[in-house]
Amino acid sequence: MTCDEAEVFLHALLDNELDAGHARDVEAHMVGCQRCAAQLRQHRDLHEAMSTAKLHFSAPANLRMRINAQVRATPTPVPSRRTMLKGFAFGSLLSSAVAASLMITLIRSDEDQRNLGEVISAHLRSLQGEHLTDVQTSDQHTVKPWFNGRLDVAPPVVDLTAQGFTLVGGRLDYIDGRAVAVIVYRRRIHVLNLFIGSGASSERGIRTETVKGFNVKFWSQQGLNFWAVSDINAEELQEFVEKFQTVVGTGPNGPVRHNRS
Amino acid sequence: MKTNPQYTTVLNFPQRPPPPTQTAGREVIVDNATNHDPGKARCFREAALPHLDAVYTLARYLLRNPADAEDAVQECYLRALRHFDTMRTPAIKPWLFAILRNVCKAEYARRSVVELRDINTELDRSESPAPVWTEPQETPEMAMITKLDGETIQGLVASLPGVFREVIVLREINDLSYREIAEVIGAPVGTVMSRLARARSMLREAWIAAGGQPK
């Protein structure tokens with residue numbers, strides 16, 4: 001890595017936006033280059049000084065009132081199903097657990113259908129170009145820590161090479177506007193994407209769908225939702241799910257929820 | 001500084017489609033967007049109003065004037081409400097910022113010819129900074145980054161040229177990821193990276209100069 005490159009990449013390193021491989025490259029460059037190391041130090045100080053200083057402005061109260069008045073609607077009747085869907089899209093803003101659970105029963109099928117579409121799209125995207133993995137390794141102990149600080153859950157990462165599914169790596173993706181972990185496996189020449197998101201469905205068992213020739217298995221386990229997507233046949237995918245469930249259920253790598261500080 | 005699209009390949013995040021851009025003129029918007037659908041207005045309020053301070057902060061830094069910032073934020077929320085149905089991005093905050101940025105560009109366009117040049121060179125075309133910001137001959141690598149008070153830092157940020165000011169504010173003050181910044185400014189992530197590197201270098205030099213002066 002040249003100094004010119006390092007001068008740009010050091011910022012991505014500071015902002016925690018580099019993948020593990022490039023982060024190592026930048027750090028290796030810093031060891032050998034005092035000038036760049038000094039720059040990194042200064043920029044880290046700068047970054048910290050800015051994050052502790054009070055640099056925000058508060059919107060004046062009359063501005064807030066004006067906007068509120070403009071947005072305020074006539075007294076709200078029963079929300080339509082459509083607006084409830086919209087509301088669910090901003091689920092984090094809904095404070096009432098009761099309202100949320102009501103909505104889940106109302107719109108469960110819509111949401112599932114949409115998620116299914118998104119999972120397939122994400123799978124297709126991952127097969128194009130270089131988007132398959134952000135962290136590329138067959139070592140589960142490298143993949144798992146990579147997700148730290150990137151997600152509000154710790155996804156279980158298990159190596160199923162012995163069972164015929166080779167661990168290739170992991171990446172972040174988005175389903176329904178939320179960051180999810182993706183663990184990437186290979187079966188012969190086929191790619192298998194395992195999407196892991198927070199929030200568990202109340203459904204028991206494994207749901208199977210076939211969309212555009214791809215097989216999808218959805219299940220919930222230990223407070224997490226799982227979607228396994230691949231073009232391998234349904235029996236092999238079933239085999240994967242069963243083996244994965246067995247290893248996660250018994251292994252030491254059960255999910256531990258941790259809060260992002 | 002030239003942009004390097006290949007940087008994007010090493011980042012954590014996949015590229016997202018560009019954000020919607022609202023370029024409605026400055027016509028008076030009759031507040032009828034809300035009258036038809038009170039449920040929509042309520043959802044919008046719940047989703048968008050918590051970000052009011054963040055949007056206002058960005059407006060203050062982009063326009064450098066409290067009164068203009070207030071007008072821009074109000075206009076931004078009106079446009080956002082009108083286009084709330086068409087929002088396709090996963091998070092509302094970058095979407096609001098993108099709308100605000102368009103409003104600010106329109107505001108700049110209304111201003112004097114001098115400032116019109118300012119915004120065009122600052123927000124659209126030029127990657128090269130104003131001459132005052134050329135790299136000094138010797139980069140003060142050994143200088144200490146001293147603590148400065150918030151007001152001084154705000155002044156330093158405000159004095160950066162627009163393209164660099166906005167990435168600094170979006171990253172350091174509004175805490176957006178590179179991908180979100182790319183969405184807001186409608187540029188590739190590689191451009192975000194190179195601009196941010198340049199912006200921080202400028203800020204660092206201004207910071208060191210400010211820190212060295214007795215107050």
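In the hairpin formed by strand 3 and strand 4 of chain A, where 2 residues lie between the strands, Arg188(A) takes a positive phi near 50°. This is a predicted model, in which local features need pLDDT of at least 70, side-chain atom pairs count only at pLDDT 80 or more, and totals for chains, interfaces and linings use all residues. Residues are numbered from 1 along each chain as its sequence is written, while chains are lettered from A and ligands numbered from 1 in the order in which they are written.

**Strands of chain A**

- Chain A holds 8 helices and 7 strands, these being DSSP runs numbered from the N terminus (helices H or I, at least four residues; strands E, at least two).
- Strand 3 (residues 178-187) and strand 4 (residues 190-198) of chain A pair in the antiparallel sense over 7 bridges, pairing being assigned if DSSP finds at least two bridges between two strands; Ile183(A) has Leu194(A) in strand 4 as its bridge partner.
- Strand 4 of chain A is also joined by 7 bridges to strand 7 (residues 224-230) of chain A, and the two run antiparallel, with Phe195(A) standing opposite Trp227(A) in strand 7.

**Burial**

- Buried residues, which have 20 or more other C-beta atoms, placed from the backbone, within 10 Å of their own, make up 29% of the 261 residues in chain A.

Note on methods. A residue is buried if 20 or more other C-beta atoms lie within 10 Å of its own, exposed if 12 or fewer, and partly exposed in between; C-beta atoms are placed from the backbone.
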